[in-house]
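Please look at the sequence and the model before reading on.

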Amino acid sequence: MSAMFPLRIRDLRFQPNGRAVLDGVDLELAGDGITLVLGPNGAGKSVLLRTLCGLIEPSGGTIDWGGTVPPKFGVTMVFQHPMMLRASVLENVALALKPHGIGRGERHRRAAAVLARVGLGGREADSARYLSGGEKQRLALARAWVTAPRLLLLDEPTASLDPSATAEVERIVREIRTDGTRILMVTHNLGQATRLGDDVVFMSAGRVREHAPVRRFFAKPASQEARLFIQGELPWRMNF
Ligand SMILES: Nc1ncnc2c1ncn2[C@@H]1O[C@H](COP(=O)(O)OP(=O)(O)OP(=O)(O)O)[C@@H](O)[C@H]1O
């Protein structure tokens, strides 16, 4: 494992205009696995991910990347509605490698290989803008995957997708993890959390309230708040 892990977040705060959006987040992530971030609307889940990838400057606290400085490369984020460049499917992926100093031919070779792995082989010349929602999300995952990030942040990547497109994204996420990328993913889909997650981070009101292995979280949540959250979101019984 690279020196980026364990990732230690201590007392992380984000207080725009004095409002505590992140209100002292403490979290430690070991170097392997898929962690699902759950919690009610407005809990600060997306802000936490954006802070980790440098899109938001925290008001206080520390992020210790395994004792190293914040990595220049190695942390990538995929959003619910990914932006596509006005270019081909292949170029959308290949351009992600440009800052890494990789030559054009090799960029295209690697992009084509990863497009095949996300089920977009044969679509290289198509315009990325005209892909379906599920295809765009797979392209966004390919764009992240091609850079072999150490940490991949996924913010509700399946929120607008139908069940089969969701299943496809889940397959890809598992493969990215198998390739050695640490994954931190926000979802409101509790079934997805049980299918994909090794562990669960439960957030509310800008804090991490619980961090537990996924089975334990759903079978025996530590707090009444988490219990109510699970009950409110789960229309079916869990059978572990
Ligand atoms: N850049 C920002 N500056 C100021 N406030 C922000 C910023 N980004 C988000 N917020 C606020 O922080 C709060 C938490 O937002 P966040 O998007 O992290 O919630 P969330 O837990 O991801 O919720 P949801 O499940 O609805 O997506 C919200 O009230 C939001 O308006």
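How many helices and how many strands are there in the protein? In this predicted model, the protein has eight helices and nine strands. Its radius of gyration is 18 Å, close to the 18 Å that the globule rule gives for 240 residues, so the protein is as compact as a globular protein of that length. Some overall values are collected below.

| Property of the protein | Value |
|---|---|
| Box filled by the C-alpha atoms, along the principal axes | roughly 55 × 40 × 35 Å |
| Share of the 240 residues that count as buried | 42% |
| Share of contacts between residues at least 6 apart in sequence that join residues at least 24 apart | 68% |

The interior comes next. In soluble globular proteins, nonpolar side chains tend to be buried together. Here, the largest nonpolar core holds 69 residues, and V37, V93, L115, L141, A142 and L153 touch the most other members. Helix α4, residues 133-145, gives the largest share of this core, with six residues.

Which residues surround the ligand? The ligand is surrounded by P16, V21, G39, N41, G42, A43, G44, K45, S46, V47 and I56. Sorted by class, this shell has five nonpolar residues, five polar residues and one charged residue.

Technical notes
Residues are numbered from 1 along each chain as its sequence is written. This is a predicted model: local features need pLDDT of at least 70, side-chain atom pairs count only at pLDDT 80 or more; totals for chains, interfaces and linings use all residues. A nonpolar core is a set of buried Ala, Val, Leu, Ile, Met, Phe, Trp, Tyr and Cys residues joined through C-beta atoms within 7 Å. A residue is buried if 20 or more other C-beta atoms lie within 10 Å of its own, exposed if 12 or fewer, and partly exposed in between; C-beta atoms are placed from the backbone. Helices (H or I, at least four residues) and strands (E, at least two) are DSSP runs, numbered from the N terminus. The radius of gyration is taken over C-alpha atoms; the globule rule is 2.2 Å times the number of residues to the power 0.38. Two residues are in contact if their C-beta atoms, placed from the backbone, lie within 7 Å. A residue is near a molecule or strand if its C-beta atom, placed from the backbone, lies within 6 Å of it. Ala, Val, Leu, Ile, Met, Phe, Trp, Tyr, Cys and Pro count as nonpolar, Asp, Glu, Lys and Arg as charged, and the others, Gly among them, as polar.
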